[in-house]
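Me: Hi! I'm new to this one and would like a friendly walk through it. Could you show it to me before we start?

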Amino acid sequence: MILQKPPDKLEVIAFSDEEGVRFQSTFIGSAAIAGILPVSALQITDKSGVTIQDALKKNSIEVTEEHLQQLRYDPKSVWGYVEIHIEQGPVLEWVGFPLGVVKGIAGQTRLKVTMRGSQGHAGTVPMSMRHDPMAAAAEAIVLITFNLLVCTVGEISTWPSASNVIPGQVTFTVDLRAIDDMGREAVVCELSNRLYQICDRRSVSCTIDRKHDANAVICDSELTSKLKSAAYLGLKRMTGSVQDEVPVLMSGAGHDAMALSHLTKVGMLFVRCRGGISHFPEEHVLDDMMFGHLVWQSWHS
């Protein structure tokens, strides 16, 4: 929701491609509104070689540099941005609250790591003579997941991907998140050096491409305070009493608010989800979205 001189004018927007899974480029819709989507982003390709511009054109949407400039909002016309989102985690359900206020969003770095070695027969090449990128990747992934930051290897592929062949190439992704941008950058640098060392020791090559970077965002203190007060009143209307303070959480997941922070001050409200499950068919929210609606009513009361 974008607020313009509240409560006089509200705009409700559904943004496209927040996740960036297909093109590995997040916040495409919100970045365009915020005026931070470069024209070059239109040429980013998916695994099939289809560009963002091609995909838009297939859906009868012509986008040029001029169109992107027209999409950008004037910062002077926008008072603030509030986003309501499911928590995508288990904390709210665990503490027994239907909603919580977000104080900040962790920064993100996404890497694509490609390790190349010597393809060979699984039965005839001695173990000591192999240049096996799979073994290097396995060692690297264990190292990554034992890092102090929140790190995830979510995708891995091999070539030629046959059970009786030593792979010639292994590619995997790395997702790193932290609220401390300098700390995240230091870990990316350290991990990269460690991966190169692993590959050198195993006589395979290593290429690390940075596919995405987003700095951490701290939510506006005024908006956060207003949301917390409105959440308390909304809960009181629904339940009759509130025993504890409304939880204030950090968000480990990325949100469109990160892009909109380049345009205006931002605030966020989390709604609990069953089991903390997200990015899975069992993702589910019960009637707790009604609490989010009541918070909005309380905001304007």
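**A first look**

Reply: The chain holds 9 helices and 14 strands; helices (H or I, at least four residues) and strands (E, at least two) are DSSP runs, numbered from the N terminus. This is a predicted model, where local features need pLDDT of at least 70, side-chain atom pairs count only at pLDDT 80 or more, and totals for chains, interfaces and linings use all residues. Residues are numbered from 1 along each chain as its sequence is written, and side-chain values use heavy atoms, with hydrogens and water left out.

Me: What box do the C-alpha atoms of the chain fill?

Reply: Roughly 75 × 50 × 35 Å, taken along the principal axes.

Me: And what share of the 301 residues is buried?

Reply: Buried residues make up 45% of them. Buried means under 20% relative accessible area, exposed over 50%, and partly exposed in between (1.4 Å probe, protein chains only).

Me: How many of the contacts between residues at least 6 apart in sequence join residues at least 24 apart?

Reply: In this chain, 77% of them do. Contact means heavy atoms within 4.5 Å.

Me: Let's pick a helix. Which residues of H5 are buried?

Reply: They are Pro-133, Ala-136, Ala-137, Ala-140, Ile-141, Leu-143 and Ile-144. These residues cover an arc of only 160° around the axis, so they sit on the same side of H5. The arc is that of the directions from the helix axis to the C-beta atoms.

Me: What covers that side?

Reply: The cover over the buried residues of H5 includes strands S5 (107-116), S7 (150-152), S8 (156-159) and S10 (169-178), along with helix H6 (181-201).

Me: How far apart are the end C-alpha atoms of H5?

Reply: They are 18 Å apart, which agrees with the 18 Å that its 13 residues (133-145) should span at 1.5 Å a residue. The expected span is 1.5 Å times one less than the number of residues.

Me: Which residue caps the N-terminal end of H5?

Reply: Asp-132 does, with a side-chain oxygen 2.8 Å from the backbone nitrogen of Met-134. A polar contact is a pair of N or O atoms within 3.5 Å; within protein, one must be able to donate a hydrogen and the other to accept it, and residues adjacent in sequence count only if both atoms are side-chain atoms.

Me: Now H6. What sits at its start?

Reply: A side-chain oxygen of Asp-180 reaches to within 3.2 Å of the backbone nitrogen of Met-182 there. H6 has 21 residues and reaches 30 Å from its first C-alpha to its last, close to the 30 Å expected.

Me: Which H6 residues are buried, and where do they lie around the axis?

Reply: Arg-184, Val-187, Val-188, Leu-191, Ser-192, Leu-195, Ile-198 and Cys-199 are buried. They fall within an arc of 140° seen down the axis, so they line one face of H6. On the other side, Met-182, Asp-200 and Arg-201 are exposed. The buried residues of H6 have a cover that includes S5, H5, S10 and strand S11 (205-214).

Me: What follows H6?

Reply: Ser-203 does, in the loop between H6 and S11. Its phi is near 60°, a positive value in a residue other than glycine. Ser-203 is partly exposed, with a relative accessible area of 43%.

Me: Switching topic: how many aromatic pairs are there?

Reply: The structure holds 1. Phe-15 and Tyr-81 form a tilted pair, 6.4 Å centre to centre with 50° between the planes. Phe-15 lies in the loop between strand S2 (9-11) and helix H1 (28-34) and Tyr-81 in strand S3 (residues 80-86), so the pair ties together parts that are 66 residues apart in sequence. Rings of Phe, Tyr and Trp (its six-membered ring) pair if their centres lie within 6.5 Å; planes under 30 degrees apart count as stacked, over 60 as edge-to-face and the rest as tilted.

Me: Are those two buried or exposed?

Reply: Both Phe-15 and Tyr-81 are buried.

Me: Last one: where is the cis peptide bond?

Reply: From Trp-159 to Pro-160, with omega near 10°. Pro-160 lies in the loop between S8 and strand S9 (165-166).
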